[in-house]
Amino acid sequence: MLDTKLFDHTILKPEATEAQVKKLCQEALEHHFASVCVNQYYTAFAARLLKDSDVKVCTVVGFPLGMSHTKVKAFECSQAIADGATEIDMVINVGALKDQKYDYVLEDIKTLKTACGDKAILKVIIETCLLTKEEIVKVCQLAKEAGADFVKTSTGFSTAGAKAEDVALMRKTVGETMGVKASGGIHNAVEAQAMVEAGASRLGTSATLAIIEG
């Protein structure tokens with residue numbers, strides 16, 4: 001059975017209600033998941049429900065497209081931390097990466113790492129389904145150089161989710177000390193196990209209960 005601390009119990013759909021987020025937090029508390037991952041609107045709400053527990057509050061920034069101005073992402077990040085987030089999942093600017101504007105992508109990540117300071121860990125969503133293998137390697141190198149804590153496969157809102165082969169490539173690129181989060185399209189225990197075997201150290205999914213219950 002997979003360790004429950006592998007999971008970011010996630011609800012990011014735009015129609016998510018307060019009642020659904022409350023249920024998510026209660027499930028996370030019951031099973032001691034690593035975090036709940038919510039949109040910014042629910043950060044403070046989730047933080048109140050999870051106060052003094054072992055479950056972290058994770059919030060997405062620049063989500064889901066990653067095309068916000070870096071200063072806007074930094075403000076989002078700072079506000080999320082003020083609201084109680086201790087984990088930030090930011091989306092890179094995929095267009096800038098594809099245009100080989102590597103300095104821009106690096107500074108985008110560095111700026112958010114600075115905004116996180118010692119108050120939150122930073123996960124960098126690279127949206128693997130939109131990237132070539134070479135681009136996956138390059139952006140993982142940039143994220144590591146910027147001091148990010150994790151690289152993450154997907155938003156779950158693009159053309160596809162996590163693939164084990166991409167997770168393996170990410171792990172190979174960043175080495176053993178940096179986190180790799182697989183997210184998007186992980187529906188059952190078999191898929192989750194495949195991601196872990198490929199090198200994932202965290203799993204983001206809304207199907208967490210189905211996975212841990214087999």
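**Close-up views of a predicted model**

**View A. The loop that holds Q100.** In this predicted model, Q100 sits in the loop between helix 4 (94-98) and helix 5. Its phi is near 60 degrees, a positive value in a residue other than glycine. Q100 is exposed, with a relative accessible area of 56%, and the cut-off for exposed is over 50%.

**View B. The loop that holds E127.** E127 belongs to the loop between strand 5 and helix 6 (133-146). The phi of E127 is near 55 degrees, again a positive value in a residue other than glycine. Is E127 buried or exposed? With a relative accessible area of 3%, E127 is buried, since residues under 20% count as buried.

View C. The peptide bond that joins F63 and P64 is cis, with omega at about 0 degrees. P64 is part of the loop between strand 3 and helix 3 (70-82).

View D. Eight strands form a closed barrel in the order 1-2-3-4-5-6-7-8, and their pairing is parallel. On average, neighbouring strands of this sheet are turned by 25 degrees against each other, direction ignored. Strand 1 and strand 8 (residues 202-205) run parallel and are joined by three bridges. F7 stands opposite L203 in strand 8.

**View E. Two helices lying across strands.** Helix 5 (residues 102-116) lies across strand 3 (56-61), strand 4 (87-91) and strand 5 (121-125). The angle between helix 5 and strand 5 is about 155 degrees. Helix 7 (residues 164-174) lies across strand 6 (150-152) and strand 7 (179-183). Helix 7 runs at about 165 degrees to strand 7.

**View F. The length of helix 1.** How far apart are the end C-alpha atoms of helix 1? Helix 1 (residues 18-31) has 14 residues, and at 1.5 Å a residue it should span 20 Å. Just after helix 1, H32 takes a positive phi of about 60 degrees.

**View G. The two sides of helix 1.** The buried residues in helix 1 are V21, L24, C25, E27, A28 and H31. Seen down the helix axis, these buried residues fall within an arc of 160 degrees, so they line one face of helix 1. A19 and E30, on the other side of helix 1, are exposed. The buried residues of helix 1 pack against strand 1 (7-11), strand 2 (35-38), helix 2 (43-49) and helix 9 (208-212).

Notes:
Residues numbered from 1 in each chain as written. Predicted model: local features only at pLDDT ≥ 70, side-chain atom pairs only at ≥ 80, totals over all residues. Heavy atoms only, no water. Helix = DSSP H or I, 4+ residues; strand = E, 2+ residues; numbered from the N terminus. Expected span 1.5 Å × (residues − 1). Buried < 20%, exposed > 50% of the residue type's maximum accessible area, 1.4 Å probe, protein only. Arc of directions from axis to C-beta. Contact = heavy atoms within 4.5 Å. Pairing = 2+ DSSP bridges. Axes fitted to C-alpha atoms, helices over the stretch in contact; angles between N-to-C directions.
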